[in-house]
Amino acid sequence: MVAVIKERKRGFWLTAFLVFMMVINLFSVFVYFLNPDMIITAFPNIPSGLVYFLGGVSLFNVFLAISIWMWKKFAIYGFYIVVILGVLMNLYLGIGLIGSLSGLMGGIILYLVTKNKMQYFV
């Protein structure tokens, strides 16, 4: 018996979210690595090593977005972990509870745009 494979369709919202994620995170990588003083000026208590760590996390987010584009399930869960790490990092930096929890929006959006497509992810 031959299994019927449905064509995977990313859809507009998942495509838009992934493109947005790639563009914003690439921009963040350049800011963190090429202009760390701008981050340190905005957050004077941040150690410079943490600035570079956040640049690495942004680069990792680009990898995750590309992996989600390629239908890799691990990348969805990896992004959820990064979102939680981001909330904790924002609390550490003193952004406050409401500002920190707003960082959950990316995870919520990812959930909404992938929940009906999970059968396509491997």
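User: What does Ser-58 touch, not counting residues up to four places away in sequence?

Analyst: In this predicted model, Ser-58 touches Asn-25, Ser-28, Val-29 and Tyr-32, once residues up to four places away in sequence are set aside, where contact means heavy atoms within 4.5 Å. The model is a prediction in which local features need pLDDT of at least 70 and side-chain atom pairs count only at pLDDT 80 or more, while totals for chains, interfaces and linings use all residues. Residues are numbered from 1 along each chain as its sequence is written, and side-chain values use heavy atoms, with hydrogens and water left out.

User: Is Ser-58 buried or exposed?

Analyst: Ser-58 is buried, with a relative accessible area of 6%; buried means under 20% relative accessible area, exposed over 50%, and partly exposed in between, with a 1.4 Å probe and protein chains only. Ser-58 is found in helix H3, where helices (H or I, at least four residues) and strands (E, at least two) are DSSP runs numbered from the N terminus.

User: Which other residues of H3 are buried, and what covers them?

Analyst: Besides Ser-58, the buried residues of H3 are Leu-50, Val-51, Leu-54, Gly-55, Val-57, Asn-61, Val-62, Leu-64, Ala-65, Ser-67 and Ile-68. Their cover includes H1, helix H2 (36-42), H4 and H6.

User: How many residues does H3 have, and what span does it reach?

Analyst: H3 has 22 residues and reaches 32 Å from its first C-alpha to its last, which is close to the 32 Å expected at 1.5 Å a residue, the expected span being 1.5 Å times one less than the number of residues.

User: What happens just after H3?

Analyst: Just after H3, Trp-71 takes a positive phi of about 65 degrees, in a residue other than glycine. Most residues other than glycine have a negative phi. Trp-71 sits in the loop between H3 and H4, and at 7% relative accessibility it counts as buried.

User: Switching to H1, where does Val-31 sit, and what is it in contact with?

Analyst: Val-31 belongs to helix H1 and counts as buried at 12% relative accessibility. Leaving aside neighbours within four places in sequence, Val-31 is in contact with Pro-36, Met-38 and Ile-39. As for Val-51, it lies 20 residues from Val-31 along the chain, and their C-alpha atoms are separated by 9.7 Å.

User: Now the surface: which residues make the nonpolar patch?

Analyst: The patch, of about 1,100 Å², is made by Ile-84, Leu-88, Leu-91, Leu-97, Ile-98, Leu-101, Leu-104, Met-105, Ile-108, Ile-109, Tyr-111 and Leu-112. Patches are made of residues with over 30% relative accessible area and no salt bridge, with like charges joined within 9 Å and nonpolar side chains (Val, Leu, Ile, Met, Phe, Trp, Tyr) within 5 Å. A salt bridge here is a side-chain nitrogen of Lys or Arg within 4 Å of a carboxyl oxygen of Asp or Glu, and the areas come from the Shrake-Rupley method with a 1.4 Å probe, only the protein chains shown counting as cover for residues.

User: Which helices supply it, and which gives the most?

Analyst: Helix H4 (73-92), helix H5 (97-101) and helix H6 (105-114) each supply at least two residues of the nonpolar patch, and H6 gives the most, with five. Within H5, Ile-98 is exposed, with a relative accessible area of 69%.

User: And Leu-104, where is that?

Analyst: Leu-104 is in the loop between H5 and H6, and is partly exposed, with a relative accessible area of 31%. Apart from residues up to four places away in sequence, Leu-104 touches Val-83 and Val-87.

User: Which residues of H6 are buried?

Analyst: The buried residues of H6 are Gly-106, Gly-107, Leu-110, Val-113 and Thr-114. They cover an arc of only 135 degrees around the axis, which puts them on the same side of H6, the arc being that of the directions from the helix axis to the C-beta atoms. What covers these residues includes helix H1 (12-34), helix H3 (48-69) and H4.

User: Zooming out, how many helices and strands are there, and what does the C-alpha trace span?

Analyst: The protein has six helices and zero strands, and along its principal axes the C-alpha trace spans about 65 × 30 × 20 Å. Buried residues make up 37% of the 122 residues, and the accessible surface comes to about 7,900 Å², of which 73% belongs to carbon and sulfur atoms.
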